Amino acid sequence: MLHTVNKSLFQNGALENCLRLARDGDAILLLEDGVYAAAAGTVKSSLIEQAVKRFAVYAIEADLKARGLGNLIKEVRVASYGDFVDLVEKYPVHAWL
Amino acid sequence: MAQKGKKVMVTVRKPPHGSIYVQESIEVMFIFATYEMDLSVVFLDDGVLALHPGQDTKELGIKGFMASLGALVDWEVTNVYADRQSLKDRGIAEDAIIAIGKDDDSGAPIHPRVLDAAEIAAMMAAQHSIVSF
């Protein structure tokens, strides 16, 4: 399963809800305001720092750039829109809006 | 509504780019400034993410509003503040936040002033109205 999260983790529980039910081998894709979860050094960085041990975690590059995010949690994979398409082909998608 | 000299505050609490809220808040700041109201602007909670350095929306295919934020002082929106705790929680250094204009004489960049929650709360208590985004 590919879980997509597009809301800020500071304002919305979608990421935490998603991580609670995701299973080993799933992939997590952060996009739009969801990419703030990939930032290192925030009060909530531990969520994704833990998640990368169980899941492949991706963040959309255009959304990272738009928000000025360069200092990311190391294991997060930066993904292009092309990578997004490949992931959608590979997995069934569960969008946590 | 627009009564000259009335104390109004715009609070920005949403993250930028994912929705239209921050863009709309800037429009409203400019309108209030035009009516010469006693305006304060506070970025707090996810609103401080609009002050993150290095934002580039080119690949999203949208213009973004970084230029508007950088010109707030030109529009005489000068009482602009950011919440210290919100910056800290999001790993944004206080001295890294974007400038909202330049000093006329020295050309030095002017940044939003970083305040503690108690200072912001006291300012809020003194307003006639608060418009939240």
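**Questions on definitions and values in chains A and B**

User: E76(B) is found in the loop between α2 and β3 of chain B. What makes E76(B) partly exposed?

Analyst: The model is predicted, so local features need pLDDT of at least 70 and side-chain atom pairs count only at pLDDT 80 or more, while totals for chains, interfaces and linings use all residues. Residues are numbered from 1 along each chain as its sequence is written, and chains are lettered from A and ligands numbered from 1 in the order in which they are written. A residue is buried with 20 or more other C-beta atoms within 10 Å of its own, exposed with 12 or fewer, and partly exposed in between, the C-beta atoms being placed from the backbone. E76(B) has 13 C-beta neighbours inside 10 Å and therefore counts as partly exposed.

User: Where is D45(B) found, and why does D45(B) count as partly exposed?

Analyst: D45(B) is in the loop between β2 and α2 (66–69) of chain B. D45(B) has 19 C-beta neighbours inside 10 Å, so it counts as partly exposed. Its phi is near 50 degrees, a positive value in a residue other than glycine. The phi of E76(B), near 65 degrees, is likewise positive in a residue other than glycine.

User: What is the pattern of chain A along the sequence, and why is chain A called as compact as a globular protein of its length?

Analyst: Helices (H or I, at least four residues) and strands (E, at least two) are DSSP runs, numbered from the N terminus. Chain A has 4 helices and 5 strands, in the pattern β-α-β-α-β-α-β-α-β. The radius of gyration is 12 Å, close to the 13 Å that the globule rule gives for 97 residues, so chain A is as compact as a globular protein of that length. The radius is taken over C-alpha atoms, and the rule is 2.2 Å times the number of residues to the power 0.38. Of the 97 residues, 45% count as buried.

User: How do you know that β1(A) and β2(A) pair, and in which sense?

Analyst: Two strands pair if DSSP finds at least two bridges between them. Strands β1 (residues 2–5) and β2 (residues 27–30) of chain A have 4 bridges, in the parallel sense. V5(A) stands opposite L30(A) in β2(A). The chain crosses from β1(A) through helix α1 (residues 14–21) to β2(A) in a right-handed β-α-β crossover; right-handed means that, with the strands pointing away from the viewer, the path from the first strand over the helix to the second runs clockwise. Strand β1(A) is also joined by 4 bridges to β5 (residues 93–96) of chain A, again parallel, with L2(A) opposite V93(A).

User: Which way do the residues of β1(A) point, and are they buried or exposed?

Analyst: L2(A) and T4(A) point one way, H3(A) and V5(A) the other way, and all are buried. In a regular strand the side chains alternate between the two faces of the sheet.

User: What makes β6 and β7 of chain B the edge strands?

Analyst: The open sheet of 5 strands has the order β6-β3-β2-β1-β7 (chain B), with parallel pairing. Strands β6 (113–115) and β7 (129–132) are its edges: each pairs on one side only.

User: How many residues of chain A are in contact with chain B?

Analyst: Two residues are in contact if their C-beta atoms, placed from the backbone, lie within 7 Å. By that cut-off, 17 residues of chain A are in contact with 18 residues of chain B.
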